[in-house]
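Trainee: I have a structure open on my screen and would like to learn how to read it. Could you guide me, please?

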Amino acid sequence: MPSRVLSYGTRAPAPALLVGAIYAVAPDQVTNIFEPLSTPADSVYRAALLALAVCAAIFVTVIVLLIYAIVRFRCRPGDDASEPPQIYGSNQIELAWTVLPILIVVVLILVAARTIADVEGYPQPPDALKVTAVGRQWWWEFRYPDLGIVTANELHVPVSESGRRQVTFLTLESADVIHSFWVPQLAGKTDLIPNRVNRMWIEPRQAGTYLGNCAEYCGTQHAKMRLRVIAHPPEEFAGWVASQRSPAAEDPQASAGRDLFLSTSCVNCHAVQGTSAKGTFGPDLTHLMSRETLGSGAAPNNPEKLRAWVRNPQAIKEGCLMPAMQLSDQELDQIVAYLLTLK
Amino acid sequence: MAAREIALTPRTGTLPAAALRLHDLVVTTDHKKLGLMYVGAGLVFFVVAGLLASVMRLQLAAPNNEVVSPQVFNRLFTMHGTTMVFLVGMPIIAGMMNYLVPLMIGARDMAFPRLNAFGFWMFFFGGLLLYFSYLAAPGITGAGSAPNVGWFAYSPLTARAFSRGHSTDYWTLSLLVSGVGSIASAINVIATAVSLRCKGMTMMRLPLFVWLSIVTSFMILLALSPLSAAQIMLLLDRFLGARFFDTQAGGSAVLWQHFFWIFGHPEVYILIIPAFACLSEIIPVFSRKPIFGYPIMVAAVVMIAFISLGVWAHHMFTIGMPSVGNIFFATSTFLVAVPTGIKIFNWLGTMYGGKLRFEPPMLFCIGFLFQFLIAGLTGVMLGMAPFDWQLHDSYFVVAHFHYTLVGAFLFGIFAGIYYWYPKAVGRLLDRRLGIWHFWLLVIGFHLTFDPQHFAGFLGMPRRIYTYEEGRGWEVYNLISSVGVVAQAAGIMLFVVNLVRSYWKGEPAGEDPWDAWTLEWATTSPPPEYNFETLPVVRSSRPLWDLKHPEDPDWKYE
Amino acid sequence: MTKADALNSPVEPAEWRLPSRGVVAVVCLIVTETALFMIFVVAYLFYIGKSLSGPYASEVLETPVIATICLLSSSLTIILAERAFGRANSGGFRLWWAGTILLGAVFLALTAVEWRRLITGPRLTISANLFGTTFYSLVGLHASHVIVGLTLLTLALILFLLGRVRPEHGERLKLISWYWHFVDAVWVVVFTVVYVIGR
């Protein structure tokens with residue numbers, strides 16, 4: 001495990017990113033809040049370490065006193081029945097163990113205020129990538145208003161490099177109940193609340209896939225409302241943007257499936273850019289096959305699972321709001337063949 | 001040395017004895033019987049809610065488990081939390097306060113005995129109403145069963161649109177009903193402690209249990225009504241189409257959170273302060289010293305009560321409050337830790353220099369001190385708002401509040417039960433079973449809840465019915481589930497102990513622990529009229545004065 | 001020396017007078033009811049100006065002058081009734097106590113008339129918008145407390161007319177009057193919030 005170097009409170013990007021290089025922990029499936037890989041998560045991490053240290057010191061002190069008292073003053077077999085000195089209290093001692101905690105509290109308040117200012121007060125730079133996240137039961141809609149992209153469940157962002165900082169600012173909204181966006185290695189969580197707009201920012205400094213979860217109970221499938229944030233090096237991100245902005249594939253081989261898709265109730269909920277499907281209740285499917293999972297992390301996105309999902313989503317994500325469409329096997333094959341072309 | 005007993009009119013009737021006794025319990029206004037009924041019913045609900053939790057832990061022991069469906073799981077955690085807070089915690093503290101306060105102040109009953117009975121039955125029927133939802137909530141449409149919106153029922157998840165059927169209505173109504181009972185009990189306790197004290201018992205000579213009962217009751221008066229108000233608003237929304245929490249009409253989802261937590265945070269202090277009260281009586285007796293710093297202990301709990309009314313939005317650090325709001329509530333949360341810490345230090349100061357006897361009541365007190373310290377410290381971590389942005393709604397919070405509610409509250413209540421059961425029943429609880437109960441519970445408790453802190457650090461959110469492999473959560477969940485076995489074993493031994501000792505326990509006599517407050521100056525169990533003649537006192541430890549006439553407390557107070 | 005004797009220490013306090021339990025209980029009740037009303041008041045204040053559509057407060061509300069005068073003067077009449085009771089003046093007590101009930105009933109009737117006008121005219125209902133929701137719930141919560149108060153007052157009057165109320169019950173009448181004064185004080189707050197601030 002590489003040693004961790006703590007850097008305190010500078011806003012200059014270079015030392016923080018140097019520290020990030022020393023961390024050298026790639027994002028993987030284990031999302032440890034003590035392995036931050038993004039600037040706001042770093043700020044939280046430093047405040048957390050201080051709180052832990054203070055609490056550990058208090059714990060050790062009090063436990064030592066407790067154990068000492070238990071051992072030293074326990075009733076021993078040879079003891080007589082006399083009562084020990086009846087002490088009623090001591091004002092000096094009371095003062096001491098009031099003043100010291102108050103001092104500790106003052107330090108904690110100052111650190112809290114500083115960290116809150118660093119994270120919440122961070123001004124949005126003009127070149128920040130802007131994303132609107134809309135929480136829905138039980139999936140995530142991501143819109144890039146400046147780029148004209150609408151996608152679901154996976155948030156693609158560019159990595160921030162030492163020479164070229166790139167932050168992503170998220171506007172958080174909800175279409176139904178309260179959700180919460182939590183990708184532990186990128187930032188603390190912020191809620192998505194209907195009729196309210198919240199904002200947060202992330203600045204991943206390592207490429208890779210960051211896992212997260214919805215962190216506010218939102219109904220039956222709260223557990224499977226999972227998050228993926230994929231951070232790309234800048235050129236790769238530009239490539240992703242380009243492919244997302246391209247219109248939906250029109251493969252003549254899948255025309256039967258496409259026609260079937262467009263003429264049944266699929267289009268009530270789903271949209272495919274460049275076709276007559278403009279439903280907004282469910283995820284946008286224009287580039288469905290570019291995503292790693294189905295059902296916001298409920299199953300991997302491969303042909304077999306896709307077929308199972310379209311056949312009966314309830315078997316994979318019980319209680320989700322997509323019904324089984326009662327398609328015949330042939331219809332199912334056609335639709336899945338079409339969907340598989342939507343890369 | 002038995003007090004002379006006054007003859008009571010014997011109960012007669014044509015019904016069999018068991019039916020007569022049942023009828024007696026149904027119509028009684030005796031604070032002792034009602035107190036025991038409160039505690040007994042609370043313990044029954046405790047076992048039920050514990051079974052609900054055991055099923056949850058079974059489901060979560062492995063990833064992608066299929067012991068229960070998501071719908072069932074969501075009902076389990078809602079019913080578990082709602083039951084534990086409202087149908088276990090609240091009645092047990094009400095029962096202990098109602099039983100002990102009149103005895104400790106040298107009175108014959110509560111100020112309003114009929115109101116006492118009313119409060120009990122409101123709680124009892126409210127509890128039945130909550131569980132009736134399993135049967136009745138489906139209604140005509142077959143939608144809905146027991147409530148599944150979480151114990152704090154955030155809107156708009158509780159709106160008609162997102163919560164079909166009547167499950168949420170059962171949650172709301174049952175808590176409204178039992179809430180009225182809690183308020184009735186609180187009024188009664190305050191009126192009793194203020195108006196029925198025996199001669200010589202000034203406020204600063206009250207046993208700390210009584211002081212803390214007054215503070216708890218005052219907090220109930222201030223905190224329960226906001227919950228009732230919010231619930232009335234929810235009912236208006238659901239039944240009359242009101243718009244309180246209707247975000248489509250411009251309503252605020254966050255408003256429910258404010259109102260709920262204005263209740264919810266004081267509520268957890270309402271639960272823990274009676275456990276503090278048990279500790280403040282038991283630790284001195286088993287250390288053979290008076291409580292260290294009586295006036296400071298009173299001041300500290302009053303400060304806790306006062307400050308705790310201003311910390312509620314530390315449950316809401318992630319809703320996007322302006323920074324000044326986050327800073328304010330982080331500050332108030334840190335501040336409430338100061339008087340709380342003072343209390344811990346004073347208990348330690350009581351033990352220091354004493355002669356400690358490790359009977360079961362004292363064992364549970366020591367468990368409380370260890371676990372409450374940790375609980376308080378994890379609370380400080382949660383109060384550090386930025387840290388909370390990671391920890392909120394994760395298993396770290398689940399670990400924290402189980403540390404306070406099981407590790408502290410439950411241990412404190414067990415201490416109290418082992419201490420006062422002999423007074424109520426006339427027989428001691430078995431000491432060996434008590435020690436087994438203690439250690440099994442300690443082991444089980446730590447196995448279950450220590451790993452949950454780490455699951456939280458690794459990003460595991462709460463209220464999920466399953467999780468995928470590869471997140472690193474598996475081992476912590478497995479250990480956590482294994483701990484249930486030890487806890488269940490400990491609780492079973494406790495139940496066995498309660499039942500067996502009722503008939504076969506060692507006779508307790510009036511004062512088995514060599515204690516100093518007035519409840520130990522009458523028989524065990526006390527007669528219906530409590531004291532043959534009402535006592536007159538000169539200090540806060542009247543029995544110490546009696547046993548040590550050469551060195552009475554009133555010379556020093 | 002037996003335990004009982006020792007407990008009954010020779011040093012008895014010269015005077016041992018504690019507050020009456022009824023007074024303490026009613027004070028506690030008023031505290032908890034205040035907390036209840038405060039939440040509805042906060043909701044009302046929070047939602048001022050936030051309705052997405054009409055009818056709006058400034059358009060449809062008419063200041064309930066007469067109702068307010070009736071309710072607030074009922075606080076006076078109940079004080080007069082208590083004084084009469086204290087002087088064993090049954091006629092006076094009956095007059096002023098019944099007068100209190102009458103004034104309270106008039107207040108309720110005028111509230112009902114006002115609600116009927118709002119519902120049938122501008123169609124302001126509890127579900128119309130945030131204003132309707134908060135208006136009817138706050139004013140309605142207060143009105144429900146007026147009904148409870150009138151019930152207590154009427155019961156007391158009936159018992160008095162049946163000759164069951166004796167001079168030593170003066171404190172109980174006083175406590176009922178405290179509840180009534182609380183209801184009136186709440187109306188002052190509700191009136192200010194709804195008809196002054198909210199418009």
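Mentor: Let us go through chains, helices and sheets in turn. This is a predicted model, in which local features need pLDDT of at least 70 and side-chain atom pairs count only at pLDDT 80 or more, while totals for chains, interfaces and linings use all residues. Residues are numbered from 1 along each chain as its sequence is written, and chains are lettered from A and ligands numbered from 1 in the order in which they are written.

Trainee: Which chains share the most contacts?

Mentor: Two residues are in contact if their C-beta atoms, placed from the backbone, lie within 7 Å. Of the two pairs of chains in contact, chains A and B share the most contacts. Their contact involves 75 residues of chain A and 74 residues of chain B. On the side of chain B that touches chain A, α9(B) gives the most, with 15 residues. That side of chain B has 43 nonpolar, 24 polar and seven charged residues. Here Ala, Val, Leu, Ile, Met, Phe, Trp, Tyr, Cys and Pro count as nonpolar, Asp, Glu, Lys and Arg as charged, and the others, Gly among them, as polar. Chain A and chain C have no contact, and their closest C-alpha atoms lie 12 Å apart.

Trainee: How do I read two helices that meet?

Mentor: Start with what a helix is: helices (H or I, at least four residues) and strands (E, at least two) are DSSP runs, numbered from the N terminus. Then compare axes, which are lines fitted to C-alpha atoms, for helices over the stretch in contact; angles run from 0 to 180 degrees between N-to-C directions. Angles under 35 degrees count as roughly parallel, over 145 as roughly antiparallel, 65 to 115 as roughly perpendicular and the rest as oblique. The axes of α2(A) and α10(B) come within 10 Å and cross at roughly 170°, which makes α2(A) roughly antiparallel to α10(B). Among the residues making this contact are Phe59(A) of α2(A) and Phe370(B) of α10(B). By class, the contact of α2(A) with α10(B) has 16 nonpolar, no polar and no charged residues.

Trainee: At what angle do the axes of α5 and α9 of chain A cross?

Mentor: The axes of α5 (residues 255-263) and α9 (residues 329-340) of chain A cross at roughly 100° and come within 7 Å. Therefore α5(A) and α9(A) are roughly perpendicular to each other. Their contact includes Phe261(A) of α5(A) and Tyr338(A) of α9(A).

Trainee: And how do I read a sheet?

Mentor: Strands of a sheet pair through backbone hydrogen bonds, either parallel or antiparallel. Two strands pair if DSSP finds at least two bridges between them. In chain A, five strands form an open sheet with mixed pairing, in the order β4-β10-β9-β6-β7. β4 (154-158) and β7 (190-192) of chain A stand at the edges with a single partner strand each, so one side of each has no neighbour in the sheet. Three bridges join β6 (residues 179-182) of chain A to β7(A), and these strands run antiparallel. His179(A) has Leu192(A) in β7(A) as its bridge partner.

Trainee: What is the order of the strands in the open sheet with β3 and β8 of chain A?

Mentor: That open sheet of five strands has the order β3-β2-β1-β5-β8 in chain A, with mixed pairing. Its edge strands, β3 (149-152) and β8 (198-202) of chain A, each pair on one side only. Four bridges join β2 (residues 139-144) of chain A to β3(A), and the two run antiparallel.
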